[in-house]
Amino acid sequence: MPQFRALRPTDAEAFVKYLEALDYQHAPQWSGCFCRFYHTNCSMDAWIARDRNDNRQETLQAIREGLMHGYLAFENDQLIGWLNANAVSAYPRLANFVKPYVQTQHPAAMVCFVIHPEYRGQGVASGLLRFAINDLMNQRMTEILGFPFEDPEHPQRAYHGSLSMYLKAGFTLVESRKNQHIVRYLSSLPQ
């Protein structure tokens, strides 16, 4: 049974080593992301031109400074999964996209699941999701947005999680556009 916990500043090196060790043959452009994409607001051309080592260093620094948040899954002390989840304000790339959907003062978002291939399809992402919901609500976040993308022609884009996983965890479907869904989990705390 996996164990889950929040990312800590001391996890920086282990986290980047986990990402570096994964196989990116299905999407080679992601090998240098280090989960920075949504934390930036540069053009797509500028993002593509970014150096992977710059992304790596930014990730290390952001984790060490407590600016990058998310959740880790472990099996027998081995890192097997990651969920990038944080306050919406931590994701400049999402600012304009989420504006029409945010209903409360303290919104969070879940943007990326990275599960080790040997542990996919075993409930690790669902466990991370449930753990993150509880932790974010304890941090007094008032809503959580998710963006599952499901396209049989592009299965590599499933890194946002599946719609069914979110719905089982208590999210409601806000909108669907082609293969992109927007889901919301509202806090029961007073606004």
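**Close-up views of a predicted model**

View 1. F37 counts as buried, at 18% relative accessibility, because the limit for burial is under 20%. The structure shown is a predicted model. F37 and Y38 form an edge-to-face aromatic pair, 5.0 Å from centre to centre and with 80 degrees between the planes. Y38 is likewise buried, at 14% relative accessibility. R93 lies over the face of F37, 4.1 Å from the ring centre.

**View 2. The aromatic pair of F15 and W82.** Ten aromatic pairs are present in the structure. In one of them, the ring centres of F15 and W82 lie 4.6 Å apart and the planes meet at 65 degrees, so the pair is edge-to-face. Because F15 belongs to helix α1 and W82 to strand β3, the pair ties together parts that are 67 residues apart in sequence. F15 has a relative accessible area of 1% and is buried. W82 is buried as well, at 0% relative accessibility.

**View 3. The largest nonpolar core.** This core has 35 residues, of which F15, L19, W82, L94, V111 and F147 touch the most other members. Two or more residues come from each of α1 (12-21), α3 (52-64), β2 (70-75), β3 (78-87) and β4 (107-115). Helix α1 gives the most, with five residues. Leaving aside residues up to four places away in sequence, L94 touches Y38, A109, V111 and F147. In soluble globular proteins, nonpolar side chains tend to be buried together.

View 4. Helix α5 covers residues 124-138, 15 residues in total, and reaches 21 Å from its first C-alpha to its last. This is close to the 21 Å expected at 1.5 Å a residue. Buried positions in α5 are V124, A125, G127, L128, L129, A132, I133, L136 and M137. Just after α5, R140 takes a positive phi of about 70 degrees.

View 5. N138 is found in helix α5. N138 counts as exposed, at 63% relative accessibility, because the limit for exposure is over 50%. N138 and S187 are 49 residues apart in sequence, and their C-alpha atoms are 9.8 Å apart in space.

How values were computed
Residues are numbered from 1 along each chain as its sequence is written. Side-chain values use heavy atoms; hydrogens and water are left out. Helices (H or I, at least four residues) and strands (E, at least two) are DSSP runs, numbered from the N terminus. The expected span of a helix is 1.5 Å times one less than its number of residues. Buried means under 20% relative accessible area, exposed over 50%, partly exposed in between (1.4 Å probe, protein chains only). A nonpolar core is a set of buried Ala, Val, Leu, Ile, Met, Phe, Trp, Tyr and Cys residues joined through side-chain atoms within 4.5 Å. Contact means heavy atoms within 4.5 Å. Rings of Phe, Tyr and Trp (its six-membered ring) pair if their centres lie within 6.5 Å; planes under 30 degrees apart count as stacked, over 60 as edge-to-face and the rest as tilted. A charge sits over a ring if NZ of Lys or CZ of Arg is within 6 Å of the ring centre and within 35 degrees of the ring normal.
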